[in-house]
There are 2 protein chains.
Amino acid sequence: MHEPFAAHSLPRYSRAMITLDLNLIAAHLEGLEETIIHRLIDRGQFAANPTAYRPGQSGFRGAGETSLFDMRLRYQEEMDAAFARYLVPEERPTHRDLPAPRREAQLPPTPLEIDDLDQVNVTPQIVAGYLGFLPRLCNLEPQDDGQYGSSVEHDVLAIQAIARRVHYGALYVAESKYRAAPDLFARHLAAGDRDEILQNITRPEVEERILMRVSQKVDYVQATINTAVRRRIDREVVLGFYRDLIIPLTKEGELRYLFNRRPTGSSGSRSGTP
Amino acid sequence: MHEPFAAHSLPRYSRAMITLDLNLIAAHLEGLEETIIHRLIDRGQFAANPTAYRPGQSGFRGAGETSLFDMRLRYQEEMDAAFARYLVPEERPTHRDLPAPRREAQLPPTPLEIDDLDQVNVTPQIVAGYLGFLPRLCNLEPQDDGQYGSSVEHDVLAIQAIARRVHYGALYVAESKYRAAPDLFARHLAAGDRDEILQNITRPEVEERILMRVSQKVDYVQATINTAVRRRIDREVVLGFYRDLIIPLTKEGELRYLFNRRPTGSSGSRSGTP
């Protein structure tokens, strides 16, 4: 027999993060930077450990061609799916065949105008880009310190922090910008003019400010480390994550959001459409 | 059919961390401080959310009296057990009935002289102490921001970082100190003189140095945060974690290790003893 759940026992999504005010969205994105930086730095304390990413080398019995990294990502996403993580719009997994939540979740109404959040899902691209960056983050000798379990554990935590930032930005920034100029976006969307839309969602001065701030944070966060016992991560590496991965994929997510956005006037579900 | 595993594909435990040189042990403990600080600060971005710790309020169907926090800790430890985390001496779980590892693990010989690592396991005490500290770490208003899932996710990560530090210290520091003065420790152990042993494993000047260093790090790590978007954690709170929880429980673990240490001369298994 199930216990009845009091209303206040259900997880609620913080309303502070649900906003279409571009300044508040930017502030929330800024607040996520430290967690990304912390997790990249923590991963960078281990060697690159290429074996952990090689198919068939997971050490799991009967795992076939799966790598240890793939295995960890799969386990983590299955656990998080049970905890209802992926009901939150900006939490997008790499796997599409995850189990249903085991936890009751009560989400507030969303101002987003999209039928399927996974139309915006760029987590597979984040994973690919992240793995491409790993050799720069972990340019230690030797390349293998045997700490495969810790390495992939930290990988998954870093990827989740990045994916949260990318999708939060993609969803809320895109909707906010659309609402600020609906006619302009509707015209370019109707024409399928990706370049024009990209230009309208790009603010080079904001990107510059983010990159400046992030590289400064990387140095401050590590100001007191003892380099005899802890490795210092170069600001350029974290900057590279932001410049070549996080910012472009946020814009890619914005484009996907806009191209899949419900047409104005059809707010809510499309159940009335034949 | 299983794939054969090449020797280099098996996880190996970093030899750098297996040492009985007290300076190297202290250096490794120092290197773990940033991860603990990062994780406490990240948890402190959320409200205390007492509902997440209340029995019967997990939101999981059929979970009975389990809290959401208990549920997360259980899921995390089951996942980590599958990945063979608890074969590593300093990784001690709260649960004793975890599934067997699904991953092949190859550990180097240990210099530790104990039959059952869980005789030293103080993770349940870490959890209790951590939960007691939470209201100080998250003294936000309102006390409930609805972010229960994120809160318990960060709790478990912080607890794991603390437990690794406590048990690494307990095991390797105790064995190192014992070997530096085996006759003295053997005498006090034979007499069951806990106070005398505690005095012999305590170095107040080292504790002072750790506390100074940790509180300095807490401020440096947060030097560049924008307090409009991110909450600053008081150095006193993290200091409290170290002073009242991490250091005393490391010493408690040392005591347990020493009282359960194999008598000199019986190195290896006790299979020869009737």
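A nonpolar core is a set of buried Ala, Val, Leu, Ile, Met, Phe, Trp, Tyr and Cys residues joined through side-chain atoms within 4.5 Å. The exercises below apply this and related terms to a predicted model.

**Exercise 1. The nonpolar core**

Task: State how many residues the largest nonpolar core has, and which have the most contacts inside it. Then list the contacts of Ile162(B), leaving aside its neighbours within four places in sequence.

Solution:
1. The largest nonpolar core comprises 99 residues.
2. The residues with the most contacts inside this core are Leu40, Ile162 and Phe241 of chain A, together with Leu40, Ile162 and Phe241 of chain B.
3. Beyond four places in sequence, Ile162(B) touches Ile36(B), Leu40(B), Ile126(B), Tyr130(B), Phe241(B) and Ile246(B).
4. As a general background, nonpolar side chains in soluble globular proteins tend to be buried together.

**Exercise 2. The relation between the chains**

Task: Determine which rotation superposes chain B on chain A, and which residue of chain B comes closest to the rotation axis.

Solution:
1. Chain B is superposed on chain A by a rotation of 180° with 0.0 Å of shift along the axis, at an RMSD of 0.0 Å.
2. The two copies are therefore related as by a two-fold rotation axis.
3. Both copies use the same surface, since 100% of the contact residues of chain B recur in chain A.
4. Within chain B, the closest approach to the rotation axis is that of Val221(B), whose C-alpha lies at 2.0 Å.

**Exercise 3. The interface**

Task: Describe the contact between chain B and chain A by its residues, buried area, salt bridges and polar contacts.

Solution:
1. Chain B and chain A each give 61 residues to the contact.
2. Between them the chains bury about 5900 Å², of which 52% is on carbon and sulfur atoms.
3. On the side of chain B, Arg61(B), Phe83(B) and Arg102(B) lose the most area to chain A, together 12% of what that side buries.
4. Eight salt bridges are found across the interface. Arg85(A) and Glu153(B) join their side chains in a salt bridge, at 3.0 Å from N to O.
5. There are also 18 residue pairs in polar contact across the interface.
6. The elements of chain B that give two or more residues to this side include helix H1 (22-31) and helix H5 (148-180). The largest share, eight residues, comes from H3(B).

**Exercise 4. Asn23(A)**

Task: Decide whether Asn23(A) counts as buried or exposed, and state in which helix Asn23(A) is found.

Solution:
1. Asn23(A) belongs to helix H1 of chain A, residues 22-31.
2. The cut-off for exposed is over 50% relative accessible area.
3. Asn23(A) has 64% relative accessibility and therefore counts as exposed.

Terms used:
Residues are numbered from 1 along each chain as its sequence is written. Chains are lettered from A and ligands numbered from 1 in the order in which they are written. This is a predicted model: local features need pLDDT of at least 70, side-chain atom pairs count only at pLDDT 80 or more; totals for chains, interfaces and linings use all residues. Side-chain values use heavy atoms; hydrogens and water are left out. Buried means under 20% relative accessible area, exposed over 50%, partly exposed in between (1.4 Å probe, protein chains only). Contact means heavy atoms within 4.5 Å. Copies are superposed by least squares on the C-alpha atoms of residues with pLDDT of at least 70 in both. Buried area is the accessible area (1.4 Å probe) that two parts lose on being put together, summed over both. A salt bridge is a side-chain nitrogen of Lys or Arg within 4 Å of a carboxyl oxygen of Asp or Glu. A polar contact is a pair of N or O atoms within 3.5 Å; within protein, one must be able to donate a hydrogen and the other to accept it, and residues adjacent in sequence count only if both atoms are side-chain atoms. Helices (H or I, at least four residues) and strands (E, at least two) are DSSP runs, numbered from the N terminus.
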